[in-house]
Amino acid sequence: GYVQFDSDVNGTLEFAVELPDDRVYALELRYAREGETAPIKIAVDGKEIGELQLWSTGGEATWGWDRIPCALKRGKHNIRISGVQSTQVDHLNLVK
């Protein structure tokens, strides 16, 4: 399944993760959207680490990926994605 955010919603998603190693991870988001490019904010443990620009994938039937690097310590973390509008979000990967 996925989460659908409408155009009038300034949506937020939070993910709880537990990591095995201290390292730089790529936080990789899978999403679908139509329309103009839209920024979303990414925060880890309450600290903003940057923005992703979600580009148009051509509509809700076509999924795209975007990623941002993040240095994380071993252990539990809370990843927050905010500012989501007119987008379907499928999942978040943490890639070594």
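Begin at T57, where a polar atom of the side chain lies 2.6 Å from the backbone oxygen of T62. The model on screen is a predicted one. T57 belongs to the loop between β5 and β6. Is T57 buried or exposed? Its relative accessibility is 10%, so T57 counts as buried. To see what surrounds T57, select Y31, A32, R33, T62, W63 and G64; these are its contacts once neighbours within four places in sequence are set aside.

**Y31 and W55**

The structure has two aromatic pairs. In one of them, the ring centres of Y31 and W55 are 6.1 Å apart and the ring planes stand at 75 degrees, so this pair is edge-to-face. Which parts of the chain does the pair tie together? Y31 sits in strand β3 and W55 in the loop between β5 and β6, so the link joins parts 24 residues apart in sequence. Y31 is buried, with a relative accessible area of 0%.

**The open sheet**

Next, colour β2, β7, β4 and β5. These four strands form an open sheet in the order β2-β7-β4-β5, with antiparallel pairing. Which strands stand at the edges? They are β2 and β5; each has a single partner strand, so one side of each lacks a neighbour in the sheet. On average, neighbouring strands in this sheet are turned by 20 degrees against each other, direction ignored.

Now zoom in on β4. Five of the seven residues in β4 are buried, so the strand is mostly covered. Towards β7, the antiparallel pairing of β4 runs over four bridges, and I42 stands opposite I81 in β7. Towards β5, β4 pairs in the antiparallel sense over seven bridges; here A43 is opposite E48 in β5. Follow β4 into the hairpin it makes with β5. Two residues lie between the strands of this hairpin, and D45 takes a positive phi near 55 degrees.

**The nonpolar core**

For the last stop, show side chains in the interior. In soluble globular proteins, nonpolar side chains tend to be buried together. The largest nonpolar core in this model has 21 residues. Which of them touch the most other members? Select L27, L29, I40, I42, L52, L72 and I79. Two or more residues of this core come from each of β2 (11-19), β3 (23-33), β4 (38-44), β5 (47-54), β6 (64-72), β7 (75-84) and β8 (87-95). β3 gives the largest share, four residues.

Centre the view on L72 and display its contacts: L19, D21, D22, R23, Y25, L27, V44, H77 and L94, leaving out residues up to four places away in sequence.

Technical notes. Residues numbered from 1 in each chain as written. Predicted model: local features only at pLDDT ≥ 70, side-chain atom pairs only at ≥ 80, totals over all residues. Heavy atoms only, no water. Core = buried A, V, L, I, M, F, W, Y, C linked by side-chain atoms within 4.5 Å. Buried < 20%, exposed > 50% of the residue type's maximum accessible area, 1.4 Å probe, protein only. Contact = heavy atoms within 4.5 Å. Pairing = 2+ DSSP bridges. Axes fitted to C-alpha atoms, helices over the stretch in contact; angles between N-to-C directions. Phe/Tyr/Trp six-rings, centres within 6.5 Å; stacked < 30°, edge-to-face > 60°. Polar contact = N/O pair within 3.5 Å; in protein donor to acceptor, adjacent residues only side chain to side chain.
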